[in-house]
Amino acid sequence: MQPYEFVGDWSGQLVATSIHAGHDLRPEVADLMVLDEDVRFREEDPFTDRITARLPARVLVHRSRFETDLNRIREKAIYRRPEDCWDLDVWRDRELPDDVVQRSLEVYDGFFDALAERLDPLAERGPFVIYDVHSYNHRRNGADAPPESPEENPEVNLGTGSVDLERFGDVVNAFRTSMADQGFDIRENVKFKGQNLAWWTHERYAGVGVVLALEFKKTFMDEWTGQVDDSRVQYLANALDQTTGPVLEALGR
């Protein structure tokens, strides 16, 4: 399977990405990995590609963030040592060899080159918006421990740390209002503010592209067993789809 693919109808001005949904590894990376697969799966964002399924244009990433993390700057995109990834022992010799790192960076560079080829035409047509869809764990104390406080862990975290709010504030408000009207606890920049995909887009397409970094709390799955709640995933996919009308209307203004 290819590391990533671009699917759907790209003639509009809204794109959804799920850059941490992937679980695949190229063989040389898999051969060096000693991290338990269930631990790796827990630190990825499984099923977020299904949350974006109803949106018109989508970026699907099939490779694991443990091969190359597209939401980190290039210098930190490869988890070489335990301190790069939550102190997890990932590699057989504890540190990834330089030649493997270089080939993983080629995947990273190729992704952003390919994404630019897709987004450049959108930017030529006018402003566009990206839903950068992720998920986050809220039961890190263990499978049998209570979940972390809802006060500090909203159902949807809307990351706008690098958004030009003077220009795109109406787009942000339209999304937040649409989700709130559907009954979601959505709050801004509580857990995450958006990282590399947002930074890269806002720099390359300043004043034209806006990224809403969306972190869904893993209430749609059991983060310890990996068991997914299909009906909840479909509910989230529908809710995200319902935001597109108000968001595109605000974008047009």
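Helix H2 (37–43), strand S4 (128–136) and strand S7 (209–217) each give at least two residues to the lining of the largest pocket. A reminder before I go on: this is a predicted model.

So, the pocket. Its volume is about 520 Å³. The lining has 28 residues. Closest to the centre are Arg65, Trp86, Phe192, Gln195 and Glu215. Which element supplies the largest share of the lining? That is S4, with four residues.

Charged residues number 15. Seven are polar, and six are nonpolar.

Start with Phe47. Its phi is near 75°. That is a positive value, and the residue is not a glycine. Where does Phe47 lie? Look in the loop between H2 and helix H3 (48–51). H2, remember, also contributes to the pocket lining. Is Phe47 buried or exposed? The relative accessible area is 17%. The cut-off for buried is under 20%, so Phe47 counts as buried.

Then Asn189. Phi here is about 60°, again positive, again in a residue that is not a glycine. Asn189 sits in the loop between strand S6 (186–188) and helix H6 (196–204). Its relative accessibility is 25%.

How values were computed. Residues numbered from 1 in each chain as written. Predicted model: local features only at pLDDT ≥ 70, side-chain atom pairs only at ≥ 80, totals over all residues. Heavy atoms only, no water. 1 Å grid on protein atoms, 1.4 Å probe; cavity = no way out; pocket = protein on both sides within 12 Å on 5 of 7 lines; lining within 4 Å. Points joined across faces, edges and corners; volume = space filled by probe spheres on them. Nonpolar A, V, L, I, M, F, W, Y, C, P; charged D, E, K, R; others polar. Buried < 20%, exposed > 50% of the residue type's maximum accessible area, 1.4 Å probe, protein only.
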